[in-house]
Amino acid sequence: MILGICVVASSQNPASFSTEASADPALFDLLVLGSGIAGLAAAGLARNDGKSVLVIDKGRRLGGRVSTRRQDGFVFNHGAQFVTAKGTEFVSLLAMAKTAGSIKDWQVSDNKIVQIGAPTMRDLPQFMATGLMIRQQTEIIQIAHHGEHIGFFDKDGLIATGHRAIITAPAAQTGKLLANIYPDLATTAGLASYDPCWTIMLGLDDDNGLGTAPLRDEAAGIALGVPEMTRAHQQSGLGAPALTIQASGAWSQQHLQDDPQMVIESLSKIWQDLSGKPLGKIITATAHRWLYAKVTSAVPDNAPRLSSDGKLAIAGDWLGGPRVEQAFDSGQQAYHNLR
């Protein structure tokens, strides 16, 4: 049984990469593992080409690290804080998302304007997911050949097959999944490295100690601290006083195994020391540890990204770099590699 099916305005016309017929109801033209930006970018191209495509993700919500959490009446954008665009394709996507009201500009500093999801960061991947079939809360533990096709297996067995597949999981997970079926791609995955990131989310009684701008001090341990009320979408009154603090990679690595409560207390103190203002009464506090937060060493350009039989491609920011756009580009390139 396949659980967690989410179809967002789906209107696909099945067409395949080959003309082979199959009676298997779980056979798709393309299987995509991961509903982050890379996976959605690849699946979106397949959708636009009229392919039957299924995206599978183990999480409860799509978007990967472009994520938002709502808790106890507070809103926390606890993953990627914003996006920027340089290339034509991502610029075009953001323009369409802006027209649809899914993103807007944010004056993040005196001389820098970026884009953020509207009203939350999750709204950007939600926009990208339009027309896609996505199965969430489904963890794939094995990828293997199933006849001439690629099979995805969860703990209960085979759940879907595809003429082609794209894997967009973090490098370590990709390497494990592909070690037996495509060891050359598993080797590619082993070339990437990441920094972790501890992130804390504080829901406050008031915003007196938050200030009006993001705070950053890598040496002190904070990569970025954002009072959520200062983000452009919060000016309309959405949400309550909230603070999201993301630790630096070095601090997160040093405290990787710390108790979450200790992380909350430590980062809260660093914030107060840097801002010079005490935080008000904390209503709710949560810590989240991103093990694969920021790519520190991307895979070299000459490393294999496509299986020798041309049936499976890999994608993710770890193949290009830490920016959201680089994940997007990698997903699109993976789909082009399969054609």
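**Thr 168**

I looked up the side chain of Thr 168 first. In this predicted model, one of its polar atoms lies 2.6 Å from the backbone oxygen of Leu 33. Thr 168 sits in the loop between strand E11 (157-167) and helix H4 (171-178). Is Thr 168 buried or exposed? Its relative accessibility is 13%, so I note it as buried, the cut-off being under 20%. Leaving out residues up to four places away in sequence, I listed its contacts: Val 32, Leu 33, Gly 34, Ala 38, Gly 39 and Ala 315.

**Nonpolar cores**

Next I checked the cores. The largest nonpolar core has 42 residues, and Leu 30 and Ile 166 touch the most other members. Helix H1 (residues 37-48) gives the most to this core, with eight residues. I also found a second, separate core of 31 residues. Ala 160, Ala 169, Leu 177 and Ala 189 are among its members.

**Helix H7**

Then I turned to H7, residues 260-275. I tested its length. At 1.5 Å a residue, its 16 residues should span 22 Å, and the end C-alpha atoms are 22 Å apart, so the two agree.

Which residues of H7 are buried? I noted Val 263, Ile 264, Leu 267, Ser 268, Ile 270 and Trp 271. They cover an arc of only 160 degrees around the axis, so they lie on the same side of H7. I kept the helix rule in mind: an α-helix has 3.6 residues a turn, so residues three or four places apart point the same way.

The face turned away from the buried side carries Glu 265, Lys 269 and Asp 273, which are exposed. I then asked what the buried residues of H7 pack against. The strands are E12 (193-204), E13 (215-217), E14 (222-227), E15 (242-247) and E16 (282-297). Helix H6 (249-254) is on the list too.

I looked at both ends of H7. Gly 276 follows H7, and its phi is positive, near 75 degrees.

**Tyr 292**

My last entry is Tyr 292, in strand E16. Its relative accessibility is 25%, so I count it as partly exposed. With residues up to four places away in sequence left out, Tyr 292 touches Arg 65, Pro 170, Ala 172, Gln 173, Tyr 194 and Asp 195. I also checked Trp 318. Tyr 292 and Trp 318 are 26 residues apart in sequence, and their C-alpha atoms are 9.5 Å apart in space.

Methods: Residues numbered from 1 in each chain as written. Predicted model: local features only at pLDDT ≥ 70, side-chain atom pairs only at ≥ 80, totals over all residues. Heavy atoms only, no water. Helix = DSSP H or I, 4+ residues; strand = E, 2+ residues; numbered from the N terminus. Expected span 1.5 Å × (residues − 1). Buried < 20%, exposed > 50% of the residue type's maximum accessible area, 1.4 Å probe, protein only. Arc of directions from axis to C-beta. Contact = heavy atoms within 4.5 Å. Core = buried A, V, L, I, M, F, W, Y, C linked by side-chain atoms within 4.5 Å. Polar contact = N/O pair within 3.5 Å; in protein donor to acceptor, adjacent residues only side chain to side chain.
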